[in-house]
Amino acid sequence: MGITIEGLGYYTPKHVLSNFDLEKMVDTSDEWITTRTGIKERRIAKEESLLYMSYEASLKALEDAKVQPREIELIVLATLTPDLGFPASACLLQAKLGADRAYAFDISAACSGFLYGLEVVGSILASGGAKKALLVGAERLSQIVDWNDRSTCVLFGDGAGAVVLSSEGEGELLASALRSDGNYWDILYSERCGYIRMKGKELFKLAVRSMAEVCEEVLQKANIRSEDVDLVVPHQANIRIIEALAEKLSIPMDKVYTNIHKYGNTSAASIPIALCEAKQTGRLKRGDIVLLTAMGGGLTWGACLLRF
Ligand code: ACO
């Protein structure tokens with residue numbers, strides 16, 4: 001379906017927490033974290049609320065697209081760490097932006113939230129329900145991380161990424177494949193107001209296998225060979241997951257965008273932050289075939305193939 005990413009923006013918090021800082025907090029080491037995950041540091045929101053990060057990312061995306069807030073007719077925000085129980089974070093963002101013509105709601109699909117959002121927003125744009133939309137992935141995971149649990153606290157970070165999407169333009173959502181399996185809910189979850197709990201080893205294996213399957217499915221659906229993909233922007237959870245996925249897909253790592261060393265796993269924010277960085281650094285160009293894929297709590301997973 002015709003869907004163009006007209007503008008991209010991201011915001012990451014000012015405070016940097018390095019692996020060396022974590023060595024002082026729990027029994028871990030920079031060497032362990034780097035070799036097992038690829039993460040060197042992450043950003044932690046000390047002052048910044050989810051709304052603040054989402055707003056800053058959205059302003060940049062709107063500026064990049066040269067679109068005014070009043071032109072936006074739909075706002076979808078993917079998060080598992082909202083500032084309030086309700087209303088939706090998207091409504092707070094709508095008010096702060098002054099996007100008074102937009103209707104707004106949140107999506108809860110953990111690390112796959114941005115991809116679920118792309119499919120939902122794409123379908124609404126395709127049906128004529130809106131012409132321009134804002135899709136945001138934002139997380140303040142530091143709030144739900146158990147800072148005494150070394151097996152999880154080294155992995156996560158905070159941030160927000162946003163895109164302005166339009167039903168006009170040259171871009172296309174060529175194919176998507178989204179999946180959920182609630183039988184695996186206890187592999188990655190938090191209790192209400194509780195901390196992230198995770199079975200890392202199981203998740204690792206499921207992540208590689210499941211993301212490879214949906215990536216192959218979207219390539220097949222769009223009749224595009226893996227060698228014709230210009231850039232893969234995967235969810236940034238673990239560099240070893242990303243490398244194993246690239247190998248399964250026979251796509252060289254120089255076609256895979258990674259920034260996990262700087263931000264860790266920012267869940268729903270990870271793909272839009274990476275997409276935006278890829279554009280800003282010249283790795284992503286108009287007309288490129290881009291493969292996005294993610295997996296997260298739910299379990300949820302998916303892949304989307306775009307002509308950028
Ligand atoms: N520092 C030092 N040692 C540690 C740490 C740490 N931070 N964390 C765990 N260890 C220890 C363990 O206690 C264990 O010690 P033991 O052998 O004495 O029992 C040892 O290191 C090995 O632990 P494993 O859990 O087997 O390590 P593994 O190689 O599986 O790596 C990791 C763990 C990094 C969590 C990996 O399994 C992973 O990345 N899984 C995917 C998790 C993930 O990405 N979750 C996020 C959302 S889902 C998604 O986005 C795909």
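Partly exposed describes a residue whose relative accessible area falls between the two cut-offs, under 20% for buried and over 50% for exposed. K40 has a relative accessible area of 34%, so this residue is partly exposed. The model discussed here is predicted. The points below cover its salt bridges, aromatic pairs and a patch of surface charge. The count of salt bridges comes to 14, and that of aromatic pairs to three.

**Salt bridge D30–K40**

- K40 forms a salt bridge with D30, and the closest N and O atoms are 3.1 Å apart.
- D30 lies in helix α2 (residues 30-37) and K40 in the loop between α2 and β3 (41-44), so the bridge ties together parts that are 10 residues apart in sequence.
- D30 counts as buried because its relative accessibility is 13%, whereas K40 is partly exposed at 34%.

**Salt bridge R307–E172**

- R307 and E172 meet through their side chains in a salt bridge, at 3.4 Å from N to O.
- Strand β13 (residues 300-307) holds R307 and strand β8 (residues 172-180) holds E172, so this pair ties together parts that are 135 residues apart in sequence.
- R307 counts as partly exposed, with a relative accessibility of 32%.
- E172 also counts as partly exposed, with a relative accessibility of 30%.

**Salt bridge D186–K199**

- K199 is joined to D186 by a salt bridge in which the closest N and O atoms are 3.5 Å apart.
- The bridge links distant parts of the chain, 13 residues apart: D186 is in the loop between β8 and β9 (188-190), and K199 is in the loop between β10 (196-198) and α7.
- D186 has a relative accessibility of 27% and therefore counts as partly exposed.
- K199 counts as partly exposed as well, at 34% relative accessibility.

**Salt-bridge network**

- A network of salt bridges links D146, D149 and R197.

**Aromatic pairs**

- Among the three aromatic pairs is the one formed by Y11 and Y52, which is edge-to-face, with 5.5 Å centre to centre and 85° between the planes.
- Y11 lies in strand β1 (residues 4-11) and Y52 in helix α3 (residues 50-65), so the pair ties together parts that are 41 residues apart in sequence.
- Y11 counts as buried because its relative accessibility is 8%, while Y52 counts as partly exposed at 31%.
- Y103 and F105 form another aromatic pair, this one stacked, with 6.4 Å centre to centre and 25° between the planes.
- The stacked label follows from the cut-off, since planes under 30 degrees apart count as stacked.
- Y103 is partly exposed, with a relative accessible area of 40%.
- F105 is partly exposed too, with a relative accessible area of 26%.

**Positive surface patch**

- A patch of positive charge on the surface gathers R36, K201, K205 and R240.
- One of these residues, K201, has its place in helix α7 (residues 200-222).
- K201 has a relative accessible area of 65% and is therefore exposed, as the cut-off for exposed is over 50%.

Notes
Residues numbered from 1 in each chain as written. Predicted model: local features only at pLDDT ≥ 70, side-chain atom pairs only at ≥ 80, totals over all residues. Heavy atoms only, no water. Patch = residues over 30% accessible without salt bridge, like charges linked within 9 Å, V, L, I, M, F, W, Y side chains within 5 Å. Areas by Shrake-Rupley, 256 points an atom, 1.4 Å probe, with all protein chains shown as cover. Salt bridge = Lys/Arg side-chain N within 4 Å of Asp/Glu carboxyl O. Lys, Arg positive; Asp, Glu negative; His and termini not counted. Charge placed at Lys NZ, Arg CZ, Asp CG, Glu CD. Helix = DSSP H or I, 4+ residues; strand = E, 2+ residues; numbered from the N terminus. Buried < 20%, exposed > 50% of the residue type's maximum accessible area, 1.4 Å probe, protein only. Phe/Tyr/Trp six-rings, centres within 6.5 Å; stacked < 30°, edge-to-face > 60°.
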